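Student: I have a protein model open and would like to learn how to read it. Could you guide me through it, step by step?

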Amino acid sequence: MKEIHTCKIQDAVSRLCMESNYYLSEDIKEGLLSSKAEEISPLGKSILQDIIDNAEVAEKRAIPICQDTGTVVVFVEIGQDVHITGDSLEEAIQNGIRKGYQEGFLRKSMVEDPLLRVNTRDNTPAIIHYSIVKGEHIKITLAPKGGGSENMSALKMLKPSDGMEGVEEFVLKTVDEAGPNACPPLIIGVGIGGNFEMAPLLAKKALLRPINQSHPKKHIKEMEDRLLLKINALGIGPQGLGGRTTALGVNIEVFPTHIASLPVAVNIGCHVTRHRTVIL
Amino acid sequence: MKKKITLPIQDEVISTLEAGDEVLLTGILYTGRDAAHKRMVETIKDNKPLPIDLRNQTIYYVGPCPAKPGEIIGSCGPTTSGRMDAYTPIILEQGLKGMIGKGERNKAVIDAIIKNKAVYFTAIGGAGALLADRVKKAEVIAYEDLGAEAIYKLYVEDFPAVVTIDAKGNNLYDTQKEKYKKILNQA
């Protein structure tokens, strides 16, 4: 059995807060460059260049790529042969976020009550998803998510008879309605199957996969490719000011579902879709 | 060719701006987003004075990151303007002339833009680091208790934006999406 102290977890979370907000991942950088080469709108091309430059400035100066440093979503995978010592795991993660957002000069965007709306001033609480797996490690993935794109996300309980066509129609409609608000070019996370709470979680997890990695199942990969083509024919373009580059990637995750159900969730990610992982 | 505009923006300049123009703004901007708008509109409805004189001014919808030591401001890109739609017509009646944000506006806002001869600019959403470089001075001047949502007075130089809805009500989002949809579907 391996022992991991909560101090180590807190420090790792704090570091991930800063790194995920300062450094754009390589797959998105590559996506931006190749999209710029293919963009047909002159204004769209110039916007894509500004977005590329912005990521470089952020990296060089170690400042956030986007001022909306988000709600922090944390996925924690705990090996069943790990013994956590020290404080409570939950507190260690929340403290890591407090520390990371304070010391990293990141914006605090959480309000304590959704109706009374008073800022908690330390960006907690994070939304944490735990899973227990085999092994002697803890894997922490931190994915801060901005409000603009999250607000344009959607869930629909389709009928099985709606089939693939119905799924694609719903994804396209959601992206079309998101339009300029969600900061295109977008990364589209889609969750198909499960149930009412599972489909959005799948869509969120889909955003964690690099955009240059397809789903291993052939029919899902084909749907990802087809959807990307259709989305990039909508005309929305960079920042919604017209053009080809509406999305950089479409990632789909699937899960078994009930004989009566076909849940579909679309989690819209902006061009600053962030996620960073550490294994302890 | 980008047009250089001085803020506060003059009426005769607004009338020359057309949807699609790329501009560089220099001068004073006030920041304001959800919570500040809500509070300002409540103040107006209570017939009390606002903490800032909005006449001829431009509001930038932004909640900046904190500045690192020695820096003027943290990352500061635009937030989604649509959330301010419920408040904007009332704010425009106070003499506001310019707004900077990202995303679409509703019909009531577009009508109020035409009526008050104002202009809606958009900046690149998510380009917070790049835009922070254009901010030369920043101070909180009202609603400090709102944290990132407080009203800041900014002095900006060559702040890049696009005229997205002009004073005649021409809306770049509508025209460009349709134009490129057509081109992309012919190809």
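**Where two domains meet**

Tutor: Keep in mind that this is a predicted model. The count between domain 1 of chain A and domain 2 of chain A is one salt bridge.

Student: Which side chains meet in a salt bridge?

Tutor: A salt bridge is a side-chain nitrogen of Lys or Arg within 4 Å of a carboxyl oxygen of Asp or Glu. Here the side chains of Lys145(A) and Glu150(A) form such a pair, at 2.9 Å from N to O.

Student: Which strand gives the most to the side of domain 1 of chain A that touches domain 2 of chain A?

Tutor: E5(A) gives the most, with five residues, and the domains themselves cover 2–20 + 65–145 for domain 1 and 148–274 for domain 2 of chain A.

Student: How much area do domain 1 of chain A and domain 2 of chain A bury between them?

Tutor: They bury about 960 Å², of which 67% is on carbon and sulfur atoms. Phe75(A), Pro144(A) and Lys145(A) supply 52% of the area that domain 1 of chain A buries against domain 2 of chain A, more than any other three residues.

Student: In what order do the four strands of the open sheet in chain A stand?

Tutor: The order is E6-E9-E7-E8 in chain A, with mixed pairing. Strands E6 (154–158) and E8 (247–257) of chain A each have a single partner strand, so one side of each is left without a neighbour in the sheet.

Student: How many bridges join strand E7 of chain A to E8(A)?

Tutor: Nine bridges join these two strands, which run parallel, and Ile187(A) stands opposite Gly249(A) in E8(A).

Note on methods: Residues numbered from 1 in each chain as written. Chains lettered and ligands numbered in written order. Predicted model: local features only at pLDDT ≥ 70, side-chain atom pairs only at ≥ 80, totals over all residues. Heavy atoms only, no water. Pairing = 2+ DSSP bridges. Domains from an automatic or database assignment. Buried area = accessible area lost by both parts, 1.4 Å probe.
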